[in-house]
Amino acid sequence: MKIDGIKFDRLFLESGLDLRLSPLVTVKHPKISDILMNQQNSEDVYWRYVSMVLCDPYQNMVLLHDEFDIDYEDVDSFDVFCLRWDMLDKQYRSEKEKYDAAGYHPLYEVARALCFFLGEHAFALRQIGDERKLVDPDVDGYEIGRSAFNTMTAFIQLINGLSHAGRINPADKNAKAVLIAQMRDEIKREQRKRKRGWLDDSKMDTIGNMVATVVHGGNGGISPFNFMNAAIYQIVSAYKLIYKKFHADHLLGGVYAGTVKSESMNHTSMDWAV
């Protein structure tokens with residue numbers, strides 16, 4: 001399976017194994033018990049962590065355009081991460097006394113997101129030679145450069161079932177300007193909904209809905225008694241297979257009943273295991 005030009009074997013993803021980037025750097029493949037975090041709104045927190053680490057240029061096109069005058073197609077996830085880190089660090093330095101009095105740092109949430117996937121570390125962004133790297137100053141040799149960071153983000157996208165399908169690829173600068181304006185308007189609408197408490201709660205139950213489908217509508221391999229130990233990709237994969245098999249079964253039933261002509265079918269739709 002490939003995303004952003006980075007490939008992972010499906011067998012590796014299905015295994016639920018963590019991703020080892022170097023002898024010192026390992027990316028967690030979260031289990032449902034990790035995501036739950038013993039919090040009432042754990043899924044909402046988890047998706048915030050995912051968003052903060054991914055730093056997807058497409059999703060951040062408005063920020064890149066408005067704050068940095070950067071075309072989102074000219075940068076990668078690591079660039080966006082560095083820009084956001086610098087912006088938040090500058091925010092802290094400009095109002096240091098206020099933040100210190102409140103006992104808060106604007107980078108706190110970013111650090112928590114990194115710790116969730118990478119383990120507890122005192123993260124810092126440093127210039128090492130010609131490259132900026134995410135480091136832990138307390139651990140000699142703990143470094144995450146551009147290539148490793150983008151491999152991590154590709155891994156996190158895939159295990160969570162996130163894809164680039166349906167994204168708009170503007171044909172020219174004018175079309176891109178329209179797309180950015182539409183995204184800006186959508187962000188403002190979401191902010192107003194959140195402020196007024198109008199957000200659709202079902203959108204924050206994506207993992208919960210997948211777990212319910214797999215546990216109660218699957219073949220019993222993942223049950224109410226063991227789903228907490230399932231890795232997120234195993235839940236995502238099982239959820240997709242259930243729906244593909246359901247669709248294939250209905251098509252086959254239609255063929256047998258004579259309501260669907262087999263010669264008009266796309267036969268790849270019957271291969272529900274892919």
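Visitor: Hi! What does the secondary structure of the chain come to?
Guide: Hello! This predicted model has eleven helices and seven strands.

Visitor: And how many of the 274 residues count as buried, as a percentage?
Guide: Of the 274 residues, 35% count as buried.

Visitor: Let's turn to H5. Where is it, and how many residues does it have?
Guide: Helix H5 covers residues 77–94, which is 18 residues. From the first C-alpha to the last, H5 reaches 26 Å, close to the 26 Å expected at 1.5 Å a residue.

Visitor: What's going on at the start of H5?
Guide: There, Asp-76 has a side-chain oxygen within 3.2 Å of the backbone nitrogen of Phe-78.

Visitor: Which residues of H5 are buried?
Guide: They are Ser-77, Phe-78, Val-80, Phe-81, Cys-82, Trp-85, Leu-88, Asp-89 and Tyr-92.

Visitor: Why might residues three or four places apart point the same way?
Guide: An α-helix has 3.6 residues a turn, so residues with that spacing point the same way.

Visitor: Okay, new topic: how do H5 and H8 pack?
Guide: H8 is the helix at residues 146–159, and its axis lies 8 Å from that of H5, at an angle of about 100 degrees. That angle makes the two helices roughly perpendicular.

Visitor: Which residues meet there?
Guide: From H5, Ser-77, Phe-78, Asp-79 and Phe-81 meet Arg-146, Phe-149, Asn-150 and Thr-153 of H8. By class, the contact has three nonpolar, three polar and two charged residues.

Visitor: Last one: what share of the chain's contacts between residues at least 6 apart in sequence join residues at least 24 apart?
Guide: That share is 62%.

Key:
Residues numbered from 1 in each chain as written. Predicted model: local features only at pLDDT ≥ 70, side-chain atom pairs only at ≥ 80, totals over all residues. Heavy atoms only, no water. Helix = DSSP H or I, 4+ residues; strand = E, 2+ residues; numbered from the N terminus. Expected span 1.5 Å × (residues − 1). Buried < 20%, exposed > 50% of the residue type's maximum accessible area, 1.4 Å probe, protein only. Polar contact = N/O pair within 3.5 Å; in protein donor to acceptor, adjacent residues only side chain to side chain. Axes fitted to C-alpha atoms, helices over the stretch in contact; angles between N-to-C directions. Parallel < 35°, antiparallel > 145°, perpendicular 65-115°, else oblique. Contact = heavy atoms within 4.5 Å. Nonpolar A, V, L, I, M, F, W, Y, C, P; charged D, E, K, R; others polar.
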